[in-house]
Amino acid sequence: MSGGPATETDRLKAWERVSAAPLTVLSVLFLVVYAVPILRPDLSPGLRDVCVATTVVVWLLFWADIIVRLRLATDRRRFLREHLFDLVVLTLPMLRPLRAVRLVMVVLTINRRTELWARGRLAVYVAATTALLVLVTALAVLDAERLAPDANITAFDDALWWSTVTITTVGYGDYYPVTAMGRFVALGLMIGGIGLIGFVTGSLATWIVERVSAAADRPVAATGDDVAALRAEIAALRRRLDPDPADQSAG
């Protein structure tokens with residue numbers, strides 16, 4: 001009986017290890033088939049249907065993964081609480097106006113893999129995460145804005161520029177979203193940019209504190225002058241404790 005929960009936990013961890021790489025590949029595939037119709041508005045209807053079908057299949061596989069993990073979890077209520085955001089992200093894009101939310105799951109999946117791969121390499125992790133956020137939000141805002149009346153983000157280079165200046169908190173204001181979905185994407189990008197800045201700042205502060213603490217605890221090597229001074233002090237102390245016999249007889 002006692003081996004049951006441990007076995008289920010081991011199975012869950014084994015499934016997560018095995019499924020990590022395939023899910024990452026599926027996320028990249030989803031990103032590609034999502035991007036192609038946006039970057040190629042003149043895409044033939046047949047290829048466009050293939051892209052749409054592929055996104056649906058990948059999305060169903062995402063659902064299959066979370067269902068398998070739910071079945072393998074020892075405490076399913078706790079699993080649902082901890083993965084509530086994932087479930088919301090998986091459910092909302094069923095509504096056509098919110099299909100850009102699907103990219104959040106893609107970002108989360110690729111980001112988890114990047115975090116494991118770049119562990120201990122802060123610069124690599126931050127660069128990969130930032131590039132992914134910029135690319136994904138550029139695609140999402142272009143998809144939302146391109147056909148809107150009075151839209152000023154109508155090309156991918158405009159969307160990429162807007163995404164870059166937004167995540168860096170520069171905000172020139174030359175390009176901006178005018179649709180509700182575009183502004184929702186902008187909100188997510190701004191929150192992500194602030195989160196990245198906070199993460200980098202906190203990591204650097206932790207690194208500095210650790211280095212200072214390590215330097216304070218590290219013993220300092222004695223120099224030749226230090227040794228000579230110490231010997232002189234010891235010799236003076238011995239003279240005080242053991243007076244010269246000649247001095248005593250003279251007294």
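Modeller: I will start with the whole chain, then take the pairs one at a time, and end with two other places.

This is a predicted model, in which local features need pLDDT of at least 70 and side-chain atom pairs count only at pLDDT 80 or more, while totals for chains, interfaces and linings use all residues. Residues are numbered from 1 along each chain as its sequence is written, and side-chain values use heavy atoms, with hydrogens and water left out.

The pLDDT is the predictor's confidence in each residue, on a scale from 0 to 100. Its mean over the chain is 77, and 74% of the residues reach 70 or more. The chain has ten helices and zero strands; these are DSSP runs numbered from the N terminus, with helices being H or I of at least four residues and strands being E of at least two.

Of the 251 residues, 31% are buried. Buried means under 20% relative accessible area, exposed means over 50%, and partly exposed lies in between (1.4 Å probe, protein chains only). Contacts are heavy atoms within 4.5 Å. Of those between residues at least 6 apart in sequence, 62% join residues at least 24 apart.

Now to your pairs. Side chains of opposite charge can pair when their charged atoms come close. The rule used here for a salt bridge is a side-chain nitrogen of Lys or Arg within 4 Å of a carboxyl oxygen of Asp or Glu. By this rule there are three salt bridges.

One of them joins Arg40 and Asp42, with 3.2 Å from N to O. Arg40 counts as partly exposed because its relative accessibility is 45%, whereas Asp42 is exposed because its relative accessible area is 58%.

Another joins Asp65 and Arg69, whose closest N and O atoms are also 3.2 Å apart. Both residues belong to helix 2, where they sit four residues apart, about one turn of the helix. Asp65 and Arg69 are both buried.

The remaining bridge is between Arg78 and Glu82, with 2.9 Å between the closest N and O atoms. These two are separated by about one helical turn because they lie four residues apart in helix 3 (residues 76-82). Arg78, at 47% relative accessible area, is therefore partly exposed; Glu82, at 52%, is therefore exposed.

Val52, Val56 and Leu60 form a nonpolar patch on the surface, with about 260 Å² of accessible area together. Accessible areas come from the Shrake-Rupley method with a 1.4 Å probe, and for residues only the protein chains shown count as cover. Patch members need over 30% relative accessible area and no salt bridge; nonpolar side chains (Val, Leu, Ile, Met, Phe, Trp, Tyr) are joined within 5 Å, like charges within 9 Å. Val52 lies in helix 2 (residues 45-72) and counts as partly exposed because its relative accessibility is 46%.

Last comes helix 7. Its twelve residues reach 16 Å from first C-alpha to last, close to the expected 16 Å, which is 1.5 Å times one less than the number of residues. Its buried residues include Asp158, Trp162 and Ile167. Thr169, which follows helix 7, has a positive phi, near 65 degrees.
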